[in-house]
Amino acid sequence: MKAKLEQMKAEAVREIQNSDGLAKLNEVRVAFLGKKGQLTTLLKGMKDVLPEERPIVGQLVNETRESIESLIEETKAKLEAAERDLRLKQEVIDVTLPAKKNRVGHRHPNTIALEEVENIFVGMGYEVVEGPEVEYDYYNFEALNIPANHPAKDEQDTFYINEEIVLRTQTSPVQVREMEKGKLPIRMIAPGRVFRSDEVDATHSPSFHQIEGLVVDKHITFADLKGTLAEFAKQLFGEDTKVKFRPHHFPFTEPSAEVDVTCFKCRGKGCRFCKGSGWIEILGCGMVHPRVLKMSGIDPEEYSGFAFGVGLERITLLKYEIDDMRLLYENDDRFLKQF
Amino acid sequence: MNTSLSWIKAYVPELDVTAQEYMDAMTLSGSKVEGYEKLDEDLEKIVIGQIKKIEKHPDADKLVVCQVDVGTGEDVQIVTGAPNVKEGQKVPVVLDGGRVAGGHDGKKTPGGIKIKKGKLRGVVSNGMMCSIEELGSNRDMYPKAPEEGIYIFEDDAVIGESAVKALGLDDVVFEYEITSNRVDCFGVIGLAREAAATFGKEFKPPVVAETGNNENVNDYIKVTVEDTELCPRYCARVVKNIKIAPSPEWMQRRLASQGIRPINNIVDITNYVMEEYGQPMHAYDLDTIACREIIVRRASQDETFVTLDGQERKMDESVLMICDGEKAVGIAGIMGGENSMITDSVQTMLFEAACFDGTNIRLSSKKIGLRTDASGKFEKGLDPNNAIDAINRACQLIEELGAGEVVGGVADVYGKVKEGRRIPFDPEKVNQLLGTQISKETMLGYFKKIDLDYDYEKDEVIVPSWRQDLECLADLAEEAARFYGYDNIPTTLPTGEATTGKLSFKLRVEEVARNVAEYCGFSQGMNYSFESPKVFDKLLIPEDSGLRKTVVISNPLGEDFSIMRTISLNGMLTSLSANYNRRNKNVRLYELGNIYLPKQVPVTELPEERMQFTLGMYGEGDFYTMKGVMEEFFDKAGLSGKEIYDPNSGKPFLHPGRQADVIYDGKTIGYLGELHPQVADNYSIKDRVYVAVIDMPEIVALASFERKYEGIAKFPAVTRDISMVMKKNILAGEVEKIFDAKGGKYLESYELFDIYEGAQIKSGYKSLAYSLTFRAKDKTLEEADYMPAMEKILKALEELGIELRK
């Protein structure tokens, strides 16, 4: 019996080692360990074994089974690994073939620039509000200290619907509408479309966008205006951006200023972009004129405020180095795809 | 506004700055200098030389060889072809290694032209004698220069000295952007005052001496102002025995630097004083003034008048006229008349310096369609006190230049005298507004520099009448700030009550729209708000459609931009068309922009502005792609219910069989469809175009970003497939409506998995196959749980004539 076991084991080992695949190995397993396998057949001979030898033979049988089983497992693992390796080798792909992209659309550069500006001011506690694009003359001019027949009305080349209604020439009327609500303090920006009767060319469009800013509270100072816009410029154009405030005139602010920032192309050295000056003008601002506060029902003795207006297209064109404003309204896919 | 540096220096003699320093400092103190031109930028090594000897060139008929004394002790030999040279003449000579600005033809060469010694036809030439054009100027500015050839100096020119200096070309011309409130800075004196204050130098304006003979102007002229509102002041003086001659070179040069062509002494003086004081003046030939009388009155309706440019112009009653005893002789503040203009033979003239109402001049100038230098100045609203100074200055110049004999006295009609405004001063408040700590004395020091006086007793700042822009304390704060330096004001951030930064809900919904559109492959476009009324025909919109009631712009840039859009499709289709014609493939665009719906026509109140989310595409994708984008948006915007698609949407611009209104909760929230081929044709797109328009105000009203976790189903679902045969005209929506209505509480979802028309089905019919999923939250479903619902569904289907497919 023992000899038979030894012989069978040797045979099994040989067969296992000769197995060249998982299927063959399985055949071997069935042939030796299966229900009708050799081991089972051998076990039928147990009845001929002397009772006192049975435990020993039984142990021997178990050992033989275990050793065959473990050899099969071992071989199986090897064969599987070999087969996986083979499969991996066969599955090599050309990784330089084109990608399968989910076609995602592109945001308009104006919107991207606007969102950047909005994020900066929202972070500083400003609310983003809107006002009508077709506006009363009162809000667009009169309430902003631009009375009837004021030359500034001509300067702005207004589109009129009738004597009382215009296409707003600036986002400043939103200031007035916000102040009239009577809820103080105010920290708001108002982005939106504005209109002026300029013929279309590379630097003009009869329709463009502004972002108005307004802060009204007690003790607001020109220094606060400077600090706020300096922070804005740094966040928008980079930490090393400097701002320069130049005196200017707007009917609805006093004192007023125009603001230049370090040219973001040459960082102030002077280039074609900034016409050699190292500075680029980006916005107008000032302390809200006391008359404007008063007209909107705010007591200028108690409250003060500052306001600013940024041309969105100006920022977009500068930021992305777009050389023709018309591109912004042509909606050419090849243009939009670049943002 | 331009000024030369030399003219500014005439009133600020101590000013010693480079052009760049001047530009920077003036800009920072509020007089923005846009740029400057150095007249001698490209002029180098140019001296005054005297031609000692002229000999013929041995080898060229048209050339001569000159020996020129340039003050170095040794004559310089120069070969020239200029036709006008004579021995003894003093001329500008550019020496070897020097530069001139351009050629004879007046064309400037950037960087100038370098002059080197060389040989001309074998004869050495060590420099060049220059024409005025080569010096970068022209005969308009230097009328004395010969038409062709070398510029010739007067005999008193000093040999060896700089010719550039002698010609006044060692100057810089600055170009300013003066803001409309600073009327005073439209004159050289005003700018000089600013320059003096900016650089801390003494300001020395011209001293106007008393002028005139013993006669009395009132014996020559009587002035009556009928409308003192429109003409607050009218000053007139008389000059007799006029001798018309060229004005002196210094005056010509100053005018030239402003871009004004010298003409003769009288005209030049008028222009000079206009530039100097910012006060336009007019000269009449007194002999043409009937009755020796000036009457300032409004024109009569349709009065016609021939201005000195020979044009006949028509007035109305709002236009102010200058008249004599019989007729009009000028349009006040705009242009004089042909009938009274000065000619070379003038004997006696009437000088006018007046102040007119700025608004009236502006409106009249617009009405008549005539804008002049004078009207441009008057319309800003001039200081009446400036008029008398200007006219006296002009008379002073007339005497100085010997241009005539000034008659004593001024005929001055001045109603309400304009006094300097007084502003209560509160330095603490100024500091509060600026965020500074500038002392009162420092502020008063700044004010003094620009001639603002201070009344210590009343604690008031007294503003001179030329600073009409200064009205309140905030204005004084700006004056203090600009001389303190905007740069020196600290930078702080607002303190006080904290506020929450946020986007409005509407803007948040729009952000979702942008995100969804972009995820789905649509890029954002922007279109104009105004368009052509022809758009409606292009879109096949019927004549009587409400969409044709629009907000009309009364002064549009042209018909193509004349109405505010009431439908957003034209912009989208125009953009798609542009893309199509540029052969861009598979284009998908979206736009978020307003339409403008008038509440009444003609408009009497603000129109309703409705934000439209418009999508358009051609190329890949179809109706259902577009529908998918819409539903993705509705889902992300938190519209939790089900949209209904009504094919009877009746949009004339869409394919009649491929369009639908989108209805949610009984409200139409948008529409979609395939573009009508006729419309596609109108936009030159030869492809199927799909569009969708979502009315954002409806979405904003329905949208919600609230979400609640509902748990993940724990129990298994039961799926039942049904395949149905029905008439072709039955809509899937109708079938789904039955599922919704009869599906019971366990019906979780349903999904169309097959649609078939063809050989296996009788004609006129189609087959739809749906998979229905039932699930309970709290148990595993038994057949008995969902079968009643299935039966109800089948029964309802049967009632619609729908059979189950066997």
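The buried residues of helix H8 of chain A are Pro173(A), Val174(A), Gln175(A), Val176(A), Glu178(A) and Met179(A). The model in which they are seen is a predicted one. H8(A) runs over residues 173-180, and with 6 of its 8 residues buried the helix is mostly covered. The cover over these buried residues comes from several elements of chain A, including strand E2 (134-136), helix H6 (137-140), strand E4 (186-195), strand E5 (207-217) and strand E9 (304-311). After H8(A) comes Gly182(A), which has a positive phi, near 80 degrees.

Chain A is split into domain 1, residues 2-90, and domain 2, residues 109-336. Taken over C-alpha atoms, the centres of these two domains of chain A are 87 Å apart.

Chain B has its own division: domain 1 (2-39 + 172-199), domain 2 (44-166), domain 3 (217-414), domain 4 (421-484), domain 5 (505-702) and domain 6 (718-804). Between the centres of domain 2 and domain 3 of chain B, again over C-alpha atoms, the separation is 42 Å.

The interior comes next. In soluble globular proteins, nonpolar side chains tend to be buried together. The largest nonpolar core here has 209 residues, and the members that touch the most others are Val93(B), Met321(B), Met349(B), Phe351(B), Ile391(B) and Ala394(B). Leaving aside residues up to four places away in sequence, Met349(B) touches Val239(B), Ile242(B), Ala283(B), Tyr284(B), Asp285(B), Leu286(B) and Ile342(B). Another core, of 74 residues, lies apart from the largest one; among its members are Val194(A), Ala513(B), Ala692(B) and Met696(B).

Note on methods. Residues numbered from 1 in each chain as written. Chains lettered and ligands numbered in written order. Predicted model: local features only at pLDDT ≥ 70, side-chain atom pairs only at ≥ 80, totals over all residues. Domains from an automatic or database assignment. Core = buried A, V, L, I, M, F, W, Y, C linked by C-beta atoms within 7 Å. Buried ≥ 20, exposed ≤ 12 C-beta atoms within 10 Å, placed from the backbone. Contact = placed C-beta atoms within 7 Å. Helix = DSSP H or I, 4+ residues; strand = E, 2+ residues; numbered from the N terminus.
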